[in-house]
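User: I'd like to see how the labels on this model follow from the numbers. Could you walk me through a few of them?

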Amino acid sequence: MSGALARDAAAAQRAALVADALAGLSAPRKTLPCKWLYDAEGARLFEAITRLPEYYPTRTEMRILEESGPAIAEAIGPGAAVVEFGPGDGLKAVQLLRVLQAPVAYLPVDIAPEWLEAAASRVAEAFPGLPVRPVVADFTQPFALAGRAEGSTTHLGFFPGSTIGNFAPEEAVAFLRRARLSLKSGARLLLGADLVKDPAVLEAAYDDAAGVTAAFNLNLLRRLNREAGADFDLDGFRHQAVWNAGLERVEMHLVAQRPQSVRLAGRTIRFAAGETIHTESSHKYRPDRLRTLAEAGGWREAAMWTDPAGLFSVWLLEG
Ligand code: AVJ
């Protein structure tokens, strides 16, 4: 991107952050969209989270892709063009492409060009002959893929990590519908979904002993101070992860430790002691529930793989 374009994009992003923060922090139950957790420092902290002993999803999903690799490859068949939604560091794509039979292209989709770059170069390095075509798009909105990739039989959507769990159920259905349209007819979707389990295991995964997840959550306030001109006192808030049994999700909150006022974009936001900002929901699924969600989104189950302990699931859906 040219300097001017990059500056425009950064300014637009800051304006969107301020608008989201004002809306979320004026609501009766304060909230901030979890997508803002991922600035450069947030992305670095998330990578550190994926290596924590308590955070089982990343390594469990990688293990499923590895150990069920032959079955997954068999179910998918040769000639797939892999379209990954939110590729992160590209490591999961490398693992998937390693097991697939003769994949024909890799199309990472993300709103942030600098992230696409990281995933694209990692995959290009691991598979020198494979066409890699990054797509800059917000996959929480409808987007179009230009034509069908290089002689592929079909597009294979890839949405790992249980990122789908950050959506409320109705948003997840909307995402699944849009994904089906974007991927076009005959598409399939390989979807990672974290499973309901012992709340103690879940809460530890989102509140680790080393405090990395706490730092990840609190970094959102640091970002608001830097990019939205806010004056949050970081010592005034504490990280909290709670299992919401009714909604079957882990919620991250930032809890005000005492009454306080914060300035943000010319407004004053007041906090009572103990009041929280809800910063993320991570929904966990029972297989039946995921099936119902997939069907509401226009997909049906072709196959499902899990690890021996039943912690995490990988689904192959067909449109
Ligand atoms: C990247 C959305 C899958 O919900 O488990 C990790 C993000 N938040 N620890 C998740 C996250 C706190 C993660 N996802």
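Predicted model: local features only at pLDDT ≥ 70, side-chain atom pairs only at ≥ 80, totals over all residues.

User: Why is E227 called buried?

Analyst: Its relative accessible area is 18%. E227 sits in helix α9, residues 212-227.

User: What makes the pair E227 and R226 a polar contact?

Analyst: Their side chains come to 3.2 Å, and the cut-off is within 3.5 Å. Residues adjacent in sequence count only if both atoms are side-chain atoms, and here the contact joins the two side chains. Leaving out residues up to four places away in sequence, E227 also touches R14, L17 and D39.

User: Why is R44 with E41 called a salt bridge?

Analyst: The N to O distance is 3.1 Å. A salt bridge needs a side-chain nitrogen of Lys or Arg within 4 Å of a carboxyl oxygen of Asp or Glu, so the 3.1 Å between R44 and E41 qualifies. Both residues lie in helix α2 (residues 40-49), three residues apart, about one turn of the helix.

User: How do you know whether R44 and E41 are buried, exposed or partly exposed?

Analyst: R44 has 48% relative accessibility and E41 has 29%. By contrast, D194 and K197 are both buried, and their side chains meet in a salt bridge at 3.0 Å, N to O.

User: What makes the salt bridge between R291 and E301 a tie between separate parts?

Analyst: The closest N and O atoms are 2.5 Å apart. R291 lies in helix α10 (residues 287-296) and E301 in strand β11 (residues 300-306), so the pair ties together parts that are 10 residues apart in sequence. Salt bridges with shared partners also join D39, R223, R226 and E227 into one network.

User: Why do β7 and β10 count as paired strands?

Analyst: Pairing takes at least two bridges, and strands β7 (residues 249-256) and β10 have seven, in the antiparallel sense. For instance, E251 stands opposite S281, and V250 stands opposite S282. The open sheet runs in the order β6-β7-β10.

User: What makes β10 an edge strand?

Analyst: β10 pairs on one side only, as does β6 (237-244).

Key
Residues numbered from 1 in each chain as written. Heavy atoms only, no water. Helix = DSSP H or I, 4+ residues; strand = E, 2+ residues; numbered from the N terminus. Buried < 20%, exposed > 50% of the residue type's maximum accessible area, 1.4 Å probe, protein only. Polar contact = N/O pair within 3.5 Å; in protein donor to acceptor, adjacent residues only side chain to side chain. Contact = heavy atoms within 4.5 Å.
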